[in-house]
Amino acid sequence: MSKVLLVYASMTGNTEEMANLVEKGLQTEGVTVDKKDVIDVDLSTLEEYENIILGAYTWGEGALPDEFLDLYDDMETIDLSGKTFAVFGTGDSGYAIYCGAVDLLEDVIKEKGGKLALEGLKVENCPEGEDEDRSIQFGVDFAKALKVMG
Ligand SMILES: Cc1cc2nc3c(=O)[nH]c(=O)nc-3n(C[C@H](O)[C@H](O)[C@H](O)COP(=O)(O)O)c2cc1C
């Protein structure tokens, strides 16, 4: 069965909560999940996995969290073709660039030849109610996309 690396950054817990829900969705489909805080992930970790989900909150003015910057820079240096990704994040629509970190990560994945299995999922602050369900479904959908691709 497929194995997925799930990398997240979270300062106040919203994105970590979302990561837990995405993990739950993956697990219901029988996927083994290695969930890691981005501070524990480097280029060599990324290279070990074919299937990778990235989750980040947005900081500054539509920026990546500081703790994601090293990994982002590393991603810019390698060929991501052959890897399948999906990106999620939490943000606050009161800011000018809502969940910009999701767009930044999707852009580097595309630029470096990675495949995006799903459209990025953006959630307003803490995933509750419908957003909780959508987060679990995101994990389910990623697992299903992997099965379809074989
Ligand atoms: C200083 C600051 C800047 C922020 N900038 C943005 C932003 O540009 N766009 C956005 O969508 N959310 C922005 N946010 C909101 C956070 O991304 C949001 O609260 C998120 O859910 C926090 O995730 P976490 O609990 O995982 O740390 C900002 C929050 C703070 C405190």
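The legends below describe several close-up views of a predicted model.

Residues are numbered from 1 along each chain as its sequence is written. Because the model is predicted, local features need pLDDT of at least 70 and side-chain atom pairs count only at pLDDT 80 or more, while totals for chains, interfaces and linings use all residues.

**View A. Crossing of helices α1 and α5.**
Helix α1 covers residues 14-28 and helix α5 covers residues 130-149; helices (H or I, at least four residues) and strands (E, at least two) are DSSP runs, numbered from the N terminus. The two axes come within 7 Å and cross at roughly 45°. Such axes are lines fitted to C-alpha atoms, for helices over the stretch in contact, and angles run from 0 to 180 degrees between N-to-C directions. The crossing of α1 past α5 is right-handed, a term used if the near helix is turned clockwise from the far one by less than a right angle, with anticlockwise giving left-handed.

**View B. Residues joining α1 to α5.**
On the α1 side, the contact is made by M18, L21, V22, E23, K24, G25, L26 and T28. On the α5 side, E132, S135, I136, Q137, F138, G139, V140, F142 and A143 take part. Two residues are in contact if their C-beta atoms, placed from the backbone, lie within 7 Å. Nine residues of this contact are nonpolar, five are polar and three are charged (Ala, Val, Leu, Ile, Met, Phe, Trp, Tyr, Cys and Pro count as nonpolar, Asp, Glu, Lys and Arg as charged, and the others, Gly among them, as polar). Helix α5 also holds D133, which is partly exposed because 13 other C-beta atoms lie within 10 Å. A residue is buried if 20 or more other C-beta atoms, placed from the backbone, lie within 10 Å of its own, exposed if 12 or fewer, and partly exposed in between. The C-alpha atoms of D133 and G25 are separated by 9.3 Å, although these residues are 108 places apart along the chain.

**View C. The shell around the ligand.**
Of the 22 residues around the ligand, S10, N14, T15, Y57 and G91 come nearest; a residue is near a molecule or strand if its C-beta atom, placed from the backbone, lies within 6 Å of it. Two or more residues each are given to this shell by α1 and β4 (84-91), and α1 gives the most, with three residues. Seven residues of the shell are nonpolar, twelve are polar and three are charged.

**View D. The loop between β4 and α4.**
C99 has a positive phi of about 50° although it is not a glycine, and its 24 C-beta neighbours inside 10 Å make it buried. Y98, in the loop between β4 and α4, is partly exposed, with 16 C-beta neighbours inside 10 Å. Not counting residues up to four places away in sequence, Y98 touches G91, S93 and K122.

**View E. D74 in helix α3.**
D74 is found in helix α3 (residues 69-75) and is partly exposed, with 17 other C-beta atoms within 10 Å. Leaving aside its neighbours within four places in sequence, D74 is in contact with D42 and L43. The C-alpha atoms of D74 and D42 are separated by 7.9 Å.
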